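Hi everyone, thanks for coming. Have a look at the model on the screen while I walk you through it.

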There are 2 protein chains.
Amino acid sequence: MYTHTEEDYIKAIFKITERTQGSAHTNAIAGELSTSAASVTDMLKKLAEKTLIHYEKYRGVHLTGQGKLLATKLLRKHRLWEVFLAEKLGFEWHEVHDIAEQLEHIRSDELVKRLDAYLDHPKFDPHGDPIPSSDGKFTLRNQVGLETLSPGESGFVVGLKEHDTPFLEYLNSLNIRLGTKLSVIQWLPYEKSRTMRIDNARESVLSFQACKNIYVKKQQL
Amino acid sequence: MYTHTEEDYIKAIFKITERTQGSAHTNAIAGELSTSAASVTDMLKKLAEKTLIHYEKYRGVHLTGQGKLLATKLLRKHRLWEVFLAEKLGFEWHEVHDIAEQLEHIRSDELVKRLDAYLDHPKFDPHGDPIPSSDGKFTLRNQVGLETLSPGESGFVVGLKEHDTPFLEYLNSLNIRLGTKLSVIQWLPYEKSRTMRIDNARESVLSFQACKNIYVKKQQL
DNA sequence: ATAAATATTTAGAATACTCTAAAATTATTA
DNA sequence: TAATAATTTTAGAGTATTCTAAATATTTAT
């Protein structure tokens, strides 16, 4: 069994290696967990001893198979709880993360199994992120960044790249959520922002940055 | 904010003072938490500093108003989660305690509020224990121990005194649960056990000890 | 290729919680 | 009430996690 803290480190390492496609370095982990590099070094030694990571001094770390399985189990729990909070308790998508961060540490395989069934085996969480199966497999999806759509093209929101609270609240205020149809009206030269029609109704300008953070499934014409 | 461990101590003290109507002594707390008396002493000092308990050396402790409020908040969370686990996820009553023990430490007032509403503001948990309101009030009930019923009298199970797993599994095997109707057929001289009719069907012998652990609402004749 | 900048590790110490063994206090009992 | 038993506290130390500051290694820039 692993401590709460060890689990947080494994999740952070998983997140970083996803992002960088390589190994997670001390400072990156320290940044992710808002702790000091020295604390990270201490913990890396411990995690290496428990064979959750491969660790070479000064060279960064990556997860072992065992570490990866733990990471996906945590991600699975986190995202299942997010679905529960959003769908059953009616929380908004920006409210679910912090609570799920706590719930993901609850230890009970049976609980996860029953929660999954109760929620009807969801494949994606309220932010559109895929929920790994119990053996660590993710459902893939053909999605593109909203910024790749040309004027005249449309897509449905299927996920987000980053989901910090301010961004989620901003999307909420524009009535953009999972499943929302977005149609590109025009590309504006200024900061590469786009004019967008939202669900065939309201029109709004989205920055290039915002578009890059929104994944859509392209509507085939 | 209090640590997980501090919360466990407060719950233990609450439980003991409920039982003994007085103050909780070091050894009792150590027993309840399966820890050493020395550890308890350390923690009592800490809890006293945080004004959660009144503590006099060698004299035992009792909760302050602040401590009592914390204890009932924890109990509320624990029991609401038990209802969730039993009613929504289909766990048996002997399976819910350990998981709820973890879930009760999740910090979010909003979560408790929504969970309560989602469960339709339950007043009792799956063992029949009352769920305190958010301001710490308990719903009372006119219940008596099953051992007080004379032959010919009947009652409906509304709660249990102790609920360790073996006892709960024993009751399960007899098809005794909350709401079950129990009719006393006769008192047996041997160990004061009773012959009982269960839900107007099956007949079974219950020990005096078992009867004392079952609370019933007497059926008025 | 060396100096400077950056990243990482080590050393030493702090906090939270735990323990065993010994000392102190309170309760029992005869 | 004095001796004994039981309980509680203190002392000293261990594990887990964290920190700052100093030392070391690596990378970058000249």
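**Around the DNA, and between the chains**

Let's start at DNA strand D: of the 20 residues around it, A:T3, A:A38, B:H25, B:N27 and B:A38 come nearest, where a residue is near a strand if its C-beta atom, placed from the backbone, lies within 6 Å of it. A word on the source: this is a predicted model, where local features need pLDDT of at least 70, side-chain atom pairs count only at pLDDT 80 or more, and totals for chains, interfaces and linings use all residues. Residues are numbered from 1 along each chain as its sequence is written, with chains lettered from A and ligands numbered from 1 in the order in which they are written.

Now to where the chains meet. 13 residues of chain A are in contact with 13 of chain B, contact being C-beta atoms, placed from the backbone, within 7 Å. On chain A's side, α5 (96-103) and α6 each supply at least two residues, and α6(A) gives the most, with four.

Finally, helix α5 of chain B, residues 96-103: B:V96, B:I99, B:A100 and B:L103 are buried (20 or more other C-beta atoms within 10 Å of their own). They cover an arc of only 100° around the axis, so they sit on the same side of α5(B); the arc is that of the directions from the helix axis to the C-beta atoms. These buried residues pack against α6 (109-118) of chain A together with α4 (65-88) of chain B.

Technical notes
Buried ≥ 20, exposed ≤ 12 C-beta atoms within 10 Å, placed from the backbone. Contact = placed C-beta atoms within 7 Å.
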